[in-house]
Amino acid sequence: MTQPIQAVRGMNDVLPAESPLWEFFEDSVRRWLSQYGYRGIRMPVLEKTELFVRSIGEVTDIVEKEMYTFVDHLNGESLTLRPEGTASCVRAAIEHNLLYHGPQRLYYSGPMFRHERPQKGRYRQFHQVGVEALGFPGPEVDAEQVVMGARLWKQLGLGDIRLEINTLGSSASRGRYRARLVKYLEGHAARLDEDAKRRLHSNPLRVLDSKNPAMREVIAGAPRMLDDLDEGSLQSFESLQSLLRVAGVAFEINPRLVRGLDYYNDAVYEWTTARLGAQATVCAGGRYDGLFEQIGGKPAPACGFAMGVERILTLLADGRWREPHAPADAYVVHAGEKGDRFAWSVAERLREAGLKAIFHCGGGSFKSQMKRADSSGARYAVIVGDDEAARGTISLKPLRQPGEQITLGVDEAAALIRAA
Ligand code: HAM
């Protein structure tokens, strides 16, 4: 026997039993986004590699080791499956001059690809809903986006998601901080791990992001970014905090919070849960005022966030969410040459009347078809044989409550099912 082919490691099928949860989430998210005036944008999953190198940053885990990159053999171009959506969204905004009509509130959702070590909550193909406000200076819109997050958790009934915020300051203040941090880390060179040593001069802020427990103490003693902030960044961070207080959104300031992507400045934040173990972050984002220029556009302020759909769905599946029960209204069983043909048109007429109708496929006796009708969860069996076909009627049998089988016209049956 030939070996069955399996899916690529870290890339999951969403099976029919899981689909209702995905659809429930997607519907909730669409309603929530429109409440805040966000409009959809869809970008390709494949982009030129250079886009991600320039935006996410050369010395980041994503660009250094997690991208699915390959050469297009036809023209030698290096292409990459998108590891995130912000870079593509900004690229599209520049390419189509979207800000010409004023600032834009945009969202996208879809698969992203990162070659990480798969484990629960961490996949190689995962899904994000990304929300980007392009052309708005801070901090109101930053606060609005944080409040949006809080509202979504509330609407989904997720009460145990915590918010941590920080500010990375302007690029000038980051430069000052960087110099101080490098000096400190150099003073502790003997205690740095290999990753930290490598990053010490190329991207020292990321040393603070290390997950290595052996690095915890060095990191805890490092200088704090907050102490180097310029007046503008400080004021903006304080306004953000007061807007969040007004909105009643609880937060903690985490001065060590840095992000895994280089394009951020000023406010950054992460929403985390204690229910997902190591993959605790369900949503994260911040301001990225330099990104438009970095990828060749006119400068424009912007901020956004993205949530990890699989992680949120895991929380929902473990919690209160119950699959909405939407069985078919009618299951059409049929036999005989004329009966089969007539049943075919009966099913369409039921759908024309707005009902959900399953047409039995695959033959079998009336008895076996009735068993199938029953196990499908449908409310009624619609039975069509040659006799019914000759008279233009159907037989209707309730499946979920007691009741006799009755014979009636198709339109009458549709009305009865709808009213029941
Ligand atoms: P990120 O922090 O890299 O940010 O990803 C956002 C979220 O995607 C994470 O918090 C997590 O929930 C989910 N996620 C990331 N990697 C994986 C994975 N391998 N498996 C499952 N879920 C994952 C960004 O991507 C930025 N583009 C966010 C943003 C938008 N910033 C501004 N605008």
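## Working through a predicted model

The centres of domain 1 and domain 2, taken over C-alpha atoms, are separated by 50 Å. Residues are numbered from 1 along each chain as its sequence is written, and side-chain values use heavy atoms, with hydrogens and water left out.

**Exercise 1. Find the bounds of domain 1 and domain 2.**

Domain 1 takes in 19-170 + 230-317, and domain 2 covers 330-415. Those bounds come from an automatic or database domain assignment.

**Exercise 2. Work out the strand order of the three-stranded open sheet, and how its strands pair.**

Step 1: Strands (E, at least two residues) and helices (H or I, at least four) are DSSP runs, numbered from the N terminus. Two strands pair if DSSP finds at least two bridges between them.

Step 2: go through the pairs. β2 and β4 are joined by three antiparallel bridges; Glu47, for instance, has Thr80 in β4 as its bridge partner. β3 and β4 (residues 77-81) also run antiparallel, with five bridges. Here Tyr68 sits opposite Leu81, and Val71 partners Ser78.

Step 3: The order is β2-β4-β3, with antiparallel pairing. β2 (46-48) and β3 (68-72) are the edge strands, each pairing on one side only. From one strand to the next, the twist averages 35 degrees.

**Exercise 3. Describe the link between β3 and β4, then find the helix that packs on the sheet.**

Step 1: β3 and β4 make a hairpin with four residues between them, and Gly76 in the turn has a positive phi of about 75 degrees.

Step 2: the helix is α2 (residues 49-56), which touches β2, β3 and β4. Contact here means heavy atoms within 4.5 Å. The direction of α2 makes about 75 degrees with that of β2; axes are lines fitted to C-alpha atoms, for helices over the stretch in contact, and angles run from 0 to 180 degrees between N-to-C directions.

**Exercise 4. Count the cavities of 30 Å³ or more, and say which element gives the largest share of the lining of the largest cavity.**

Step 1: there's one. A cavity is a set of points on a 1 Å grid, over the protein atoms alone, where a 1.4 Å probe fits but cannot get out; lining residues have an atom within 4 Å of a point.

Step 2: α9 gives the largest share, three residues.

Definitions and conventions. This is a predicted model: local features need pLDDT of at least 70, side-chain atom pairs count only at pLDDT 80 or more; totals for chains, interfaces and linings use all residues. On a 1 Å grid over the protein atoms alone, a cavity is a set of points where a 1.4 Å probe fits but cannot get out, and a pocket is an open set with protein on both sides within 12 Å along at least five of seven lines; lining residues have an atom within 4 Å of a point. Grid points are joined across faces, edges and corners, and a volume is the space filled by probe spheres set on the points.
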